[in-house]
Every structure is written in structure tokens, then in C-alpha cells.
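User: New model on my screen, and I would like a quick walk through it. Please start with the pocket.

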Amino acid sequence: IIRDARTTAWIPYLTQECLAAPLLRDGDALIVPSQFARLFYRQVFPHLRQSEVHVLYPMAHHLPAARTALLREAGPLRIGCLGRIADDKNMAAAFELVRELNPTRPAELHLAGAFQPSGHTLPGAAAIPRLARRLGLPETAVIYHGDLPYEAIWQYLGKLDVLHFPAVSSNESFGRVLLEAGRAGVPVVATDYAAAPEL
């Protein structure tokens, strides 16, 4: 029995392991996307032997080639966040980063992604100017690009100086956006949490 768990603390994958547990034999395997996820599953399911849980990092060869342009020197620093905009993604930290930078280096925050699930801090696009004002940021310092189709994220990434990945979610078993940013040649500032340090 070969099982695949792409997200750590997600009920369907946890249920899968519970259901499979009494059926497992020598040679059966669980495939996970990071060392973080491997440690998580071995702690939650002590019956799993180390030799039965395998890390298979997502492949990058199908992603577009890395850009060659260097960071832009002129204009505000363009900081981007890409992915779900939800409380567990900690997007408010990106607003605070821009606020901290602005006295010494003008910066813009560029957000792209869906508000899913709707959070308390940023329940939707209409809340972006309100949070910016509360933190003392000009509304023009935060630009929302919408929920981009996959093909459009490469153009979005290509216009950033740095990608900010402030997530603090126990579901961050890999963080594909980190792989995509790296492939696009965009430096990343990330939390030292879950699987992010592996990348």
C-alpha cells in the first residue's frame, strides 16, 4: 500500500493513515513532501517505522527557467506575497514588514491569491486599505493583484524584488511558492517554520 500525503495536518490525509494502519505490511510506504512532514507523521502515527516514510520533494524541471535580471536599484522595493490569503498565512506580517522598511527604504507590498478561507485580519480585498491605514501605510503601498491563474504567476514573480513567506501554518508541509520563487530567481524572506528552512 503506497500512500501519498501532500499536506501535513489535513484531515483527509490523517484519516487515510488511520484507515490504512491495520492493513499495512512490510514494504508498504508513505510518501511525504518534506522532512518536516516526515517527522510530523512519525510523531502522530508511532506505528510507522522510519524506513516506511519517504520524502519525495516536488520536481522543478517543469517550471519556467530562472530569470537572469538582477534586483532593480531604483524605485520602491517590491515585496510580494503569493498564495492563499488567510490567517494561518500570517499576511499581516507582510504589512508590518513594509511599515518597518518604509522609513529607510520605500517599499510596496504586492499580494496575489485567494481569500480562502476568509480570515479575521483580512477577510477580503476590501479589508486591505483598512489594514494599511491602521498600520500607517499609504493605500498606494499595498497592491492586490487578484487570484492569478497559474500561468500568470511567473510574470508576477518576475516583477518582484523579494518574495515574503510569513506563513505559520501547521499545514505548510512544503511551501510550493518557495520552489517557484527560487526557480524564478526571486530572493525569499521566510519564517523559520515547518518545511520552509529545508528550502
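**Pocket, rings and loops**

Analyst: In the lining of the largest pocket, the largest share, three residues, comes from α6. Helices are DSSP runs of H or I with at least four residues, strands are E runs of at least two, and both are numbered from the N terminus. This is a predicted model, where local features need pLDDT of at least 70 and side-chain atom pairs need 80 or more, while totals for chains, interfaces and linings use all residues. Numbering starts from 1 along each chain as its sequence is written, and side-chain values use heavy atoms, without hydrogens or water.

User: Which elements each supply at least two residues of that lining?

Analyst: β4 (77–82), β7 (162–165) and α6 (176–183) do.

User: And what volume does the largest pocket have?

Analyst: The volume is about 850 Å³. Of its 34 lining residues, the closest to the centre are Gly-83, Arg-84, Lys-89, Arg-176 and Val-177. For the rule: on a 1 Å grid over the protein atoms alone, a pocket is an open set of points where a 1.4 Å probe fits, with protein on both sides within 12 Å along at least five of seven lines, and lining residues have an atom within 4 Å of a point.

User: Zoom out for me. How many helices and strands are there?

Analyst: The protein has six helices and eight strands. From the N terminus, the order is β-α-β-α-β-β-α-β-α-β-α-β-α-β. The C-alpha trace spans about 60 × 40 × 30 Å along its principal axes.

User: What share of the residues is buried?

Analyst: Of the 199 residues, 43% are buried (under 20% relative accessible area; exposed is over 50%, partly exposed in between, with a 1.4 Å probe and protein chains only). On contacts (heavy atoms within 4.5 Å), take pairs at least 6 apart in sequence: 72% of them join residues at least 24 apart.

User: Rings next. How many aromatic pairs?

Analyst: The count is six. Rings of Phe, Tyr and Trp (its six-membered ring) pair if their centres lie within 6.5 Å; planes under 30 degrees apart are stacked, over 60 edge-to-face, the rest tilted. Phe-40 and Tyr-41 have ring centres 5.5 Å apart and planes at 70°, so they are edge-to-face. Phe-40 and Tyr-41 are both buried. Together with Phe-45, they form one aromatic cluster.

User: What about Tyr-57 and Phe-174?

Analyst: Their ring centres are 6.2 Å apart, and the planes sit at 50°, so this pair is tilted. It links distant parts of the chain, 117 residues apart: Tyr-57 is in the loop between β3 (53–55) and β4, and Phe-174 is in the loop between β7 and α6.

User: Buried or exposed, those two?

Analyst: Tyr-57 counts as partly exposed, at 36% relative accessibility. Phe-174 counts as buried, at 8%.

User: Where does Phe-115 lie?

Analyst: Phe-115 is in the loop between β5 (107–112) and α4 (127–134). Phe-115 and Ala-86 are 29 residues apart in sequence, yet 6.0 Å apart in space, C-alpha to C-alpha.

User: What does Phe-115 touch?

Analyst: Leaving out residues up to four places away in sequence, Phe-115 touches Ile-85, Leu-122, Pro-123, Gly-124, Ala-125, Ile-128 and Tyr-144.

User: Last topic, backbone. What is phi of Asn-90?

Analyst: Near 60°, a positive value in a residue other than glycine. Most residues other than glycine have a negative phi. Asn-90 lies in the loop between β4 and α3 (92–101). At 25% relative accessibility, Asn-90 counts as partly exposed.

User: And phi of Ala-194?

Analyst: Also positive, about 55°, and Ala-194 is not a glycine. Ala-194 is in the segment after β8 (188–190). Ala-194 is buried, with a relative accessible area of 17%.

Note on methods
Points joined across faces, edges and corners; volume = space filled by probe spheres on them.
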